[in-house]
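Thanks, everyone. Let me put the next structure on the screen. Take a moment with it before I start.

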Amino acid sequence: LREVADDRQAKAILNRVYSLVIDSQSPQERGSGEDMGLPGFRFNFDTNPDFDLFLAMLLFNRPELARLFWARDGTKRAATVFQSSLLACLLCRNLVKLDFVHKDRNLRAAFEHTATQYETSAKRVLRLCSEANTERTLSALEGRLPWCPGWTAVDLLVRADCSRLVIETADLCTAA
């Protein structure tokens with residue numbers, strides 16, 4: 001699997017897939033997003049194959065393997081765990097919108113369940129971080145994402161429709 005993650009052609013294909021799935025807005029939404037200055041999703045692969053494999057396993061509906069790579073990637077910083085949890089939530093919620101996924105009740109339920117799991121993980125990490133250091137937590141919310149420099153964690157919160165997370169952590173989200 002690591003060979004696939006390192007292959008430039010595979011990265012180009014995955015980048016296109018991620019861009020299509022993550023930035024899947026209707027033409028009306030896309031226009032208003034540009035008017036608001038929100039850039040489209042442009043994935044920036046780093047040299048971390050665990051993160052690449054985490055996203056690929058989400059696409060292939062392999063939540064157990066995705067969790068393994070998510071945990072391995074998240075050993076670095078809590079902000080990384082929080083941000084990648086939000087990205088997983090966004091990715092899975094947008095996959096549910098695809099016609100062939102939406103029509104398959106089992107597949108749709110699996111992606112919805114995975115999205116909810118990652119939203120819950122993001123909420124837990126955000127709460128733990130805020131209890132330890134509010135300023136660093138706000139920095140994680142407002143800072144640019146390392147793998148998509150045009151976006152912040154707040155952008156992911158909004159686009160992933162993490163309303164439950166926003167409601168339960170309203171004090172932090174409004175401060176950001």
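I'll go through confidence, then the overall layout, then the salt bridges.

First, remember that this is a predicted model. Mean pLDDT for the protein chain is 75. Of its residues, 67% reach 70 or more. Which elements sit at the two ends of that scale? Helix 3, residues 27–35, has the lowest mean pLDDT, at 37. Helix 8, residues 105–132, has the highest, at 91. Where pLDDT is low, predicted coordinates should not be read in detail.

Now the layout. The chain has 176 residues, and 45% of them count as buried. The secondary structure is twelve helices and two strands. Reading from the N terminus, the order is α-α-α-α-α-α-α-α-α-β-β-α-α-α. On contacts, take pairs at least 6 apart in sequence: 67% of those join residues at least 24 apart. As for surface, the chain exposes about 9,700 Å². Carbon and sulfur atoms supply 54% of that area.

On to the salt bridges. How many are there? The count is three.

Start with Arg72 and Asp50. Their closest N and O atoms are 3.2 Å apart. Arg72 is in helix 5, residues 63–73, and Asp50 is in helix 4, residues 49–59. The two are 22 residues apart in sequence, so this pair ties together separate parts of the chain. Asp50 counts as buried, at 9%.

Next, Glu119 and Arg93. Here the N to O distance is 2.6 Å. Glu119 belongs to helix 8 and Arg93 to helix 6, residues 78–97. They are 26 residues apart, and the pair links distant parts of the chain. Glu119 is buried, with a relative accessible area of 4%. Arg93 is partly exposed, at 24%. The cut-off for buried is under 20%.

Last, Lys103 and Asp99. Their side chains meet at 3.2 Å, N to O. This one is within helix 7, residues 99–103.

Technical notes. Residues numbered from 1 in each chain as written. Predicted model: local features only at pLDDT ≥ 70, side-chain atom pairs only at ≥ 80, totals over all residues. Heavy atoms only, no water. pLDDT = per-residue confidence, 0-100. Helix = DSSP H or I, 4+ residues; strand = E, 2+ residues; numbered from the N terminus. Salt bridge = Lys/Arg side-chain N within 4 Å of Asp/Glu carboxyl O. Buried < 20%, exposed > 50% of the residue type's maximum accessible area, 1.4 Å probe, protein only. Contact = heavy atoms within 4.5 Å. Areas by Shrake-Rupley, 256 points an atom, 1.4 Å probe, with all protein chains shown as cover.
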